[in-house]
Amino acid sequence: MGMVNRRRIAGNTMLLYLRMGLIMVISLYASRVVLAALGETDFGLYNVIGGIVVTFAFLNSVMNAACNRYYSIELGKEDYGALHKVFGVNIIIFAAIALMILLLSETVGLWILERKMNIPADRMTAARWVYQLSIFSFLASVLAIPYKSIITAKENMKVYAYCSIVEAVLKLGAVFLLAVSPIDKLIFYAVLMLVVSVGTNAFYPFYCLRFYPECKGRPKWDRELGREIVGFNGWGVIGSMASIGKNQGINILLNMFYGPAVNAARGVANIVYFNIYQFVQNYVFAVNPQVVKAYAAGEREDMMKLVFQTSKLAYFLLFVVVLPLMLEVEQVLDLWLVEVPAHAAAFTVYLLAAALIDSMHHPLYYAVQATGKVKWYNIIVGSSQLMVVILAYVILKCAKVQPELIFQLIFVFAIIAQVLRIIITGKYVEMNIGKYLLKVVLPVALVSVVSPVLPWLVVRNLDPGFGRLCLTVLVSVLAVGLAVLFIGLDTSERKNILKLLNGRKQV
């Protein structure tokens, strides 16, 4: 089908899923050990303090996608001279971004830490250490973005997958070292995370300089190209900063009004959210270069078909995991953690519901990004994200409410943001909104209404226990699978899926 190589997408997706499965097991086990080793208060502090900087990681995805856009366009044209020029300009830009983040972290971020955070006096020294170590841990990841991006633009997912697995294994090793910590455990954990971050992110430049000729040589600044990339990235940064503001703003509000214990519950919910959301990110991560290359090659029909299919399938891939987890969230948390923080179950359910809505936005963003018209997309969607924090602050100042209300707001504004994305994509990519509603939103809604019925009856009529959990998972997978096959997919998609399952080549 033209430029869109769906066999490559499938292969890369499977590789990334194998990576994700291993990393998820390691991450969830490591989180259990860290919570037990640090205790609820220190675990909450690590999530909110490290989060002031770690939340800047949202910049990673936006900047990685921006780099991918320029790399993929040149790869689509097979212009390796231009690719070398783009790479050099990106190296200089990301060095400047790293410096900007350092300045913001040591001024605004430090002021928030010292003046606004609700931190026990005897943990303030440890909090300062965690904050400073987290800054440099994140800077290492920022400087590696141009190298990671060129690896993914070339669709060399094997390297990315292996390096990510090594990183996860090293983090697990760091968790076990907490048992023999010679200093404060919270500080020691932050030190170990810094060592892992610097070590793993140093691999990407080494690999690219060794195997990719376009990465060799001294970076050179090109004013015209630099202005174009900075302008393009600048709007991405604005959109990303809005996501940062929403996530870290919520963390800070929870800390200010409820204290570190609620931050621990938020931390648990975030761990579940980020691990489960990998089911979507791995799929769309493999699709992104194909969307951009199809646009660059003028294969518009293929691009839009891929955007529609990816939006729908991303939701279904997440829903098959999220449905049983939402129904059995208390059971899962009890099995996973030694001691479950209060509110963690409710926080997790609302975040997973928001994740289902957000799962459909990546293909829309990639399509808009391919055109380069990202200004109003980031401004409008970003503003809707920040409204969550503003409204939450007003509510908390005016009334004493349960923290679950904040997560209900996150879910509501996830829906609002997705509506805005559809409208903006319709304008800038000339997407037929009616067709998108018919081909994507309607099948997603029908599957979401029909498939929970049977697993809900299982939960409603059986006593809690491991047996019910296993049955809920089994019934949920079957219910979602059948609903997707007969309701969620159109005739051609269903035929291709059945042929794929039968091991025959897709037509």
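Aromatic pairs, a covered helix and a pocket

In this predicted model, one aromatic cluster is formed by Phe-203, Tyr-204, Tyr-207, Phe-211 and Tyr-212.

Q: Why is the aromatic pair of Phe-87 and Tyr-147 called edge-to-face?
A: A search of the whole structure finds 15 aromatic pairs, among them Phe-87 with Tyr-147, whose rings are 5.3 Å centre to centre with 75° between the planes.

Q: Which parts does the pair of Phe-87 and Tyr-147 tie together?
A: Because Phe-87 belongs to helix α3 and Tyr-147 to helix α5 (residues 145-153), the pair ties together parts that are 60 residues apart in sequence. Both Phe-87 and Tyr-147 are buried.

Q: Why is the pair of Tyr-315 and Phe-319 called stacked?
A: The ring centres of Tyr-315 and Phe-319 are 5.7 Å apart and their planes stand at 25°; since planes under 30 degrees apart count as stacked, the pair is stacked. Both residues lie in helix α10 (residues 300-327), where they are four residues apart, about one turn of the helix.

Q: How do you know whether Tyr-315 and Phe-319 are buried or exposed?
A: Buried means under 20% relative accessible area, and Tyr-315, at 6% relative accessibility, therefore counts as buried. Phe-319, at 5% relative accessibility, counts as buried too.

Q: What makes helix α13 (residues 361-371) mostly covered?
A: Of its 11 residues, 11 are buried, including His-361, Pro-363, Tyr-365, Tyr-366 and Thr-371. Just after α13, Gly-372 takes a positive phi of about 85°.

Q: What is known of the lining of the second largest pocket, by class and by helix?
A: The second largest pocket holds about 540 Å³ of space, and of its 21 lining residues the closest to its centre are Ile-112, Gly-245, Gln-248, Gly-249 and Ile-252. By class, the lining has 15 nonpolar, five polar and one charged residues. Helices α3 (80-115), α8 (223-258) and α14 (375-398) each supply at least two lining residues, and α8 gives the most, with eight.

Key:
Residues are numbered from 1 along each chain as its sequence is written. This is a predicted model: local features need pLDDT of at least 70, side-chain atom pairs count only at pLDDT 80 or more; totals for chains, interfaces and linings use all residues. Side-chain values use heavy atoms; hydrogens and water are left out. On a 1 Å grid over the protein atoms alone, a cavity is a set of points where a 1.4 Å probe fits but cannot get out, and a pocket is an open set with protein on both sides within 12 Å along at least five of seven lines; lining residues have an atom within 4 Å of a point. Grid points are joined across faces, edges and corners, and a volume is the space filled by probe spheres set on the points. Ala, Val, Leu, Ile, Met, Phe, Trp, Tyr, Cys and Pro count as nonpolar, Asp, Glu, Lys and Arg as charged, and the others, Gly among them, as polar. Rings of Phe, Tyr and Trp (its six-membered ring) pair if their centres lie within 6.5 Å; planes under 30 degrees apart count as stacked, over 60 as edge-to-face and the rest as tilted. Buried means under 20% relative accessible area, exposed over 50%, partly exposed in between (1.4 Å probe, protein chains only).
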